[in-house]
Amino acid sequence: MEIALLGNPNTGKTSLFNNLTGSYEYVGNWSGVTVEKKIGQFKNKKDKLIDLPGIYTFNPLSKDEGVVTNFFLTDKFEKVINIIDASQLERNLHLTVQLIEFGKPAVIGLNMVDVAKHRGIQINPSVLSKELGISVTPIVARTGKGCDALVKAASELNIVNYQTNIISYGNEIEKAILNLESLIGEQSEHSTRWLALQLFEGNQYVKDYLSQFLDLKLLNELINTLQDDVIQAYGTKSLDQFIYQKRKAFIQSIIEMATERKEKSIVPLS
Ligand code: GDP
Ligand code: K
Ligand code: MG
């Protein structure tokens, strides 16, 4: 089984990768970029772990980010381990939300819990897990603490009944998602909800992907009409900003629920 390792830059992916895989195959660079591609074998010798470049969103701002989006659109893998930085939760969860919308079975490794703790931030993993609908395991990737439990969570992952609509984007967008769903039908193996939202955000890779099934003119019309509707209904600047704000509000509300702030002075990390 192939498991992909996904997360923002500098969240501890490589530390976790080295921890979980005894040795790894170096398979050159990801196509089009100078980021090395690494595939490691888990200690059980059955499963493989794929180290992806760090990204903030599936709507690529750089070629590195495009590598990951293309990987999700075209490569074969069964599960995802999403590593997030407990001390930068809000920024990290923008990617997590998009991963959940993609619908591939995933677990979260909540890393840097030591850093968060030193800043007086205590995150309750079960609250986070309940609100996101996926398992959350606290880890310290640098020392290996919690990493075995994370692998166990990934291997026990159940593939059925995955909830991808954790955020409701309002009538206009929800209707447009259903509209796209009826147009695509069974043609794509991917979650139409994810494809639609990425398309509405202006994701060029997803637009290219969808143009195999649908006329580009039709896609553009769909986006423009929706953009006008959303701007008119909410007085927002643009469709992608609107989607971003919806995610942000959702993320802030679950962080509020899952975070405990300790009244204590900031202790520097040794
Ligand atoms: P990547 O960019 O996601 O691959 O992240 P790295 O694995 O390269 O880690 C980035 C930095 O964070 C390195 O200096 C690691 O040693 C450090 N690091 C990784 N995990 C932890 C952790 O759980 N706690 C602390 N304090 N540092 C960590
Ligand atoms: K790094
Ligand atoms: Mg790395």
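Phenylalanine 72 counts as buried at 1% relative accessibility (buried: under 20% relative accessible area; exposed: over 50%; partly exposed in between; 1.4 Å probe, protein chains only). The model is predicted, so local features need pLDDT of at least 70 and side-chain atom pairs count only at pLDDT 80 or more, whereas totals for chains, interfaces and linings use all residues. Residues are numbered from 1 along each chain as its sequence is written, and side-chain values use heavy atoms, with hydrogens and water left out.

The structure holds nine aromatic pairs (rings of Phe, Tyr and Trp, the last by its six-membered ring, with centres within 6.5 Å; planes under 30 degrees apart count as stacked, over 60 as edge-to-face and the rest as tilted). The rings of phenylalanine 71 and phenylalanine 77 are stacked, because their centres lie 4.8 Å apart with the planes at 25°. Phenylalanine 77 also pairs with phenylalanine 72, at 4.9 Å between centres and 70° between planes, and this pair is therefore edge-to-face. Relative accessibility is 3% for phenylalanine 71, which counts as buried, and phenylalanine 77 is likewise buried at 3%. One aromatic cluster is formed by Phe58, Phe71, Phe72, Phe77, Phe102 and Trp194. Lysine 104 lies over the face of phenylalanine 77, 4.3 Å from the ring centre (NZ of Lys or CZ of Arg within 6 Å of the ring centre and within 35 degrees of the ring normal).

Leucine 20 belongs to helix 1, residues 13-20 (helices are DSSP runs of H or I with at least four residues, numbered from the N terminus). Leucine 20 is buried, at 5% relative accessible area. Beyond residues up to four places away in sequence, leucine 20 touches Gln41, Phe42, Lys43, Leu49, Cys147 and Val151 (contact: heavy atoms within 4.5 Å).

Terms used: Chains are lettered from A and ligands numbered from 1 in the order in which they are written. Helices (H or I, at least four residues) and strands (E, at least two) are DSSP runs, numbered from the N terminus.
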